[in-house]
Amino acid sequence: MKTGIIILGHGSKAPQALELLKKYGEMVKSQSTYDIVEIASLQFNQPDLPEAINQAAGAGADKIIVVPFFLYKGIHMQEDIPKVLSREKEKYDGLEIVLANHLGTDNRLVEIVIDRIEEVS
């Protein structure tokens, strides 16, 4: 079984947001064992989630894990993303598509926050 990863950001009209998301995709690919790592934006940027799923499926993924770069489980996590995934699952026979948990509360993120505070104190 070949697993593809999609790093899903919110998206932004600012071009720097897409560049940052691309960097995260590259880091995940270089620091993991997954051959298929795509990025997607929920809105404003391309590829969007359906296009990223298409790319991962076209690269031979049997299973796709969508990893949302969201801090909390808001409306996008509760409704918008599941709706998109439901529609996409209907298009690909035999392709498993799962949604990973949002980033949430995690001590590893707290360490980054403290680093940022110390950078300017």
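A pocket is an open set of points on a 1 Å grid over the protein atoms alone, where a 1.4 Å probe fits and protein lies on both sides within 12 Å along at least five of seven lines; its lining residues have an atom within 4 Å of a point. This is a predicted model, so local features need pLDDT of at least 70 and side-chain atom pairs pLDDT 80 or more, while totals for chains, interfaces and linings use all residues. Residues are numbered from 1 along each chain as its sequence is written, and side-chain values use heavy atoms, with hydrogens and water left out.

**View A. Here's the largest pocket, lined by 26 residues.** Nearest its centre you'll find Tyr 24, Pro 68, Phe 69, Leu 103 and Leu 109. Helix α1 gives the most to the lining, with 6 residues (helices are DSSP runs of H or I, at least four residues, numbered from the N terminus).

**View B. Glu 19 and Lys 22 meet in a salt bridge.** That term means a side-chain nitrogen of Lys or Arg within 4 Å of a carboxyl oxygen of Asp or Glu; here, N to O is 3.6 Å. Both residues sit in α1, 3 residues apart, about one turn of the helix.

**View C. Arg 108 pairs up with Asp 106 in a salt bridge.** The N to O distance is 2.5 Å. Arg 108 counts as exposed because its relative accessibility is 61%, while Asp 106, at 23%, is partly exposed (exposed is over 50% relative accessible area, buried under 20%, partly exposed in between, with a 1.4 Å probe and protein chains only).

Key
Helix = DSSP H or I, 4+ residues; strand = E, 2+ residues; numbered from the N terminus.
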